[in-house]
Structure formats: C-alpha cells, structure tokens
Amino acid sequence: MGWRGRYFDGQSAVRHDVALELEKDRLELGPVGGATLHWAFGELYWAEKPGSGAVHLGASTSPGARLIVEDPGFAVALRQVFPEIDRETSRHLGHRRSLFLVLGCALALVAVIYGAVAFLPGWIAPLVPASIQQTIGDAVIRDIVGIFGRIDRKKGDGQICTNREGQDALDRLVARLAAGAGTPAAGPGAFQVRVADIEIPNGFTAPGGRIVLFKGLIDFVRSPDELTGVLAHEMAHAIHRHPTVSIIREIGMVATLDLLLGSGVAGGAAGILLRTGYSREAEREADDTGFRLMQQAGMSTAGMIGLFERFEKELPSLPKELEAFSTHPRSADRARRLAERARDAGGPAMPEPDWQALRKICDKS
C-alpha cells in the first residue's frame, strides 16, 4: 500500500510532494530532486507524537528534515513493520536532551570565563597590597619615562624633573585634589606625581598611585585649570585602580597569584599598560571622578572641559613610533558630556606663583 506525503529537507522552505512505500527494512520516499530517498527503519523517529491528525516523521541521519503524512493510518502501518519506532523516538529525544545539556554547560562555561575576564580583575585589584602596587608603579614609571625619552628627540632629556619649588607646587595641587578623594597625603595609598622632561604632551598613571606628567603637557596647556583637569583624570584612574586591573586582566590568574604573593611582574608591566590602554568605560569613569575631585576641591571645571575641546583640534599627534600607544581618547563628546554637568563656580586650581614655579619644574637651576 502506498501513501502520499509532504517532505521538507530542513535546509530550505521548498516543499516536495512525495510518494511513500514501506519496504521490508526501510521507508522509500520520492521524488526529491529527481531521486528516491531511502530511510532505514532504525533511523526513524516521531517528530511529533502520533495522534488522530497528521503524522510527523524525522530521520536521525537527516537532521532538520521532516515528512508529513496526512493519513493517520500511516502511523499504524509503520508500527506494524517497525514496532521499535517508539523506543527509537525515546532514545533520540534522550540524545537531544543530552546535547542540549552539553550546550547549556558549554554556554555556562563561556559565561563564567567572560565573567572572570570582565569582572574578576576588578575584584582582585583591591587585594594586591599597596606596597606591591607601588613597587610595580615605580618600575612602570621608570620604564615608560625611558621609552618615551628615547623616542622624544626634542630638547627634553627624558629625566624626572627635580626643581624643588616646582615639585612643591605640584605636591600642593595633588594634596588639594586628594583631599576630596579621602586619600592620605603621605604613606601607603598616597599619590606620587612627578614631571618628566619629555616634550610629548601626555601623562600616564601606573599602579600604586604613581603618575607622571610630561613637560610637553605643561607647555601645551593654557592655564593651571587645564593641567589640573588632566591631573584629576589621571588620579581618578589610580583611585579606581585601572592600571592594576589592566595588568591582572592581561597576565591571567596564575601570574596574578604570584602578584598577590609578592613575586611580582613589574618587569613587563609597562609594556602591558602601553599595549592595552583603558576601555571606554574606564575612561568615562576617570572623567567623571576627576570632574568630581575638582568640584570637591572648589576648583573650576571649565579647564577640564575646555582642554578636551582643544584636544580634538590642537593636540599634536604622537610620534609615529608611539601611535599604537595612545592612552587618551580625544573626543569633543567627552567635553559636551561633562559640560552638561558643570554647575560649579569654583576658583582657580593654583595661585599664580605656584603655577609659574610648576612651569619651571624642569629648569636646572
């Protein structure tokens, strides 16, 4: 006895009207693309449990394919020649459940790995002792000043500037900003900000509150308020431990355990920070926190906003050798976003004598 059915290959929406024949050990259906298909009984399973309506049949060797037979008598006839079809259906569904379980476990593992990469560094960073972070930070600053100093071929000599009056003025500015963050002026957790005699207009934050500003940045800004905007931004990176988080994310958990135990990864930390930079979220967080530090210190935020606007148009490009190491996104959007929050009427960041002393911090006298 023959039946008629509708066959779908699972790859396209094309419907094939086919004739069906139940042979001794297989089901034949066709024509499909000019050929007859042969489904061995052992491959068959109910795609939907048979009832009083149409019969839906599948084959394990043809994933996604479906055969629909409107005559419910076909199910009766198939069970007569292949009574094991119900058991095969249960086994097939068991395999599918196992597959879904494996896929679910795989997705869960991916989620765990993503969570570890995305969130664990932020959770672990506060556990790294301040003394270890400061040791790494000192090494990073030393290496970065050396790297930029060798590439800077202008008049800067690539050394840390040591003019006492200029450094005292800078320390007073840092202390004023740090007071708003509740950071001690000295001892563990204190900021240490230095100026390097490098003509590239840039700044950099390392672990342990270590920050270096390049003399080129001091020369580029038009006012102490603009420079303070950059400094507050860099201090915010330190407050949120962004450099330590970047290092942990890059070196992985095994090396992080060494870091926690004090074994140290200082030797490669500078390269890691130069290579990885910060995410947009980290930069936005540093903008917002730096903005708040200036407000809490009673400083005008106009300098920070104005400097971001100038970055887009006026900041010279980095030397070709350092283009891949740019750590500060320049975007007028950042200035617009902060300008929407500017409601302060703060005063100047530094008195004029301190500003003049800071501008001469790299003088040799």
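Is Arg210 buried or exposed, and what is its relative accessible area? In this predicted model, Arg210 is buried, with a relative accessible area of 10%; buried denotes under 20% relative accessible area, exposed over 50%, and partly exposed the range in between, computed with a 1.4 Å probe on protein chains only. Local features were considered only at pLDDT of at least 70 and side-chain atom pairs only at pLDDT 80 or more, whereas totals for chains, interfaces and linings use all residues. Residues are numbered from 1 along each chain as its sequence is written, and side-chain values use heavy atoms, with hydrogens and water left out.

The chain contains 12 helices and 10 strands, assigned as DSSP runs (helices, H or I, at least four residues; strands, E, at least two) and numbered from the N terminus. Of its 365 residues, 47% are classed as buried.

The model holds 9 salt bridges, each being a side-chain nitrogen of Lys or Arg within 4 Å of a carboxyl oxygen of Asp or Glu. One of them links Glu70 to Arg6, with the closest N and O atoms 2.6 Å apart. Because Glu70 is located in the loop between β7 (66–69) and α1 (73–81) and Arg6 in strand β1 (residues 2–8), this pair ties together parts that are 64 residues apart in sequence. Glu70 is partly exposed, at a relative accessible area of 47%.

Arg210 pairs with Asp138 in another salt bridge, where the closest N and O atoms are 2.8 Å apart. Arg210 belongs to strand β10 (residues 210–214) and Asp138 to helix α3 (residues 130–151), so the pair ties together parts that are 72 residues apart in sequence. Asp138 is partly exposed, with 31% relative accessibility.

A further salt bridge joins the side chains of Arg164 and Asp168 at an N to O distance of 3.0 Å. Both residues lie in helix α4 (residues 164–181), 4 residues apart, or about one turn of the helix. Asp168 is partly exposed, its relative accessible area being 29%. Through shared partners, salt bridges connect Arg164, Asp168 and Asp171 into one network.

Helix α4 also packs against other helices. Its axis and that of helix α6 (residues 224–239) are 11 Å apart, at an angle of about 50 degrees; axes are lines fitted to C-alpha atoms, for helices over the stretch in contact, and angles run from 0 to 180 degrees between N-to-C directions. The two helices are thus oblique, given that angles under 35 degrees count as roughly parallel, over 145 as roughly antiparallel, 65 to 115 as roughly perpendicular and the rest as oblique. Residues making the contact include Leu170, Leu173 and Val174 of α4 and Leu231, Ala232 and Met235 of α6. The contact comprises 10 nonpolar residues, 1 polar and no charged, with Ala, Val, Leu, Ile, Met, Phe, Trp, Tyr, Cys and Pro counted as nonpolar, Asp, Glu, Lys and Arg as charged, and the others, Gly among them, as polar.

The axes of α4 and helix α12 (residues 352–359) come within 7 Å and cross at roughly 125 degrees, and these helices are therefore oblique to each other. In this contact, Glu165, Gly166, Ala169, Leu170 and Arg172 of α4 meet Asp354, Ala357 and Leu358 of α12. These residues divide into 4 nonpolar, 1 polar and 3 charged.

Note on methods: Contact = heavy atoms within 4.5 Å.
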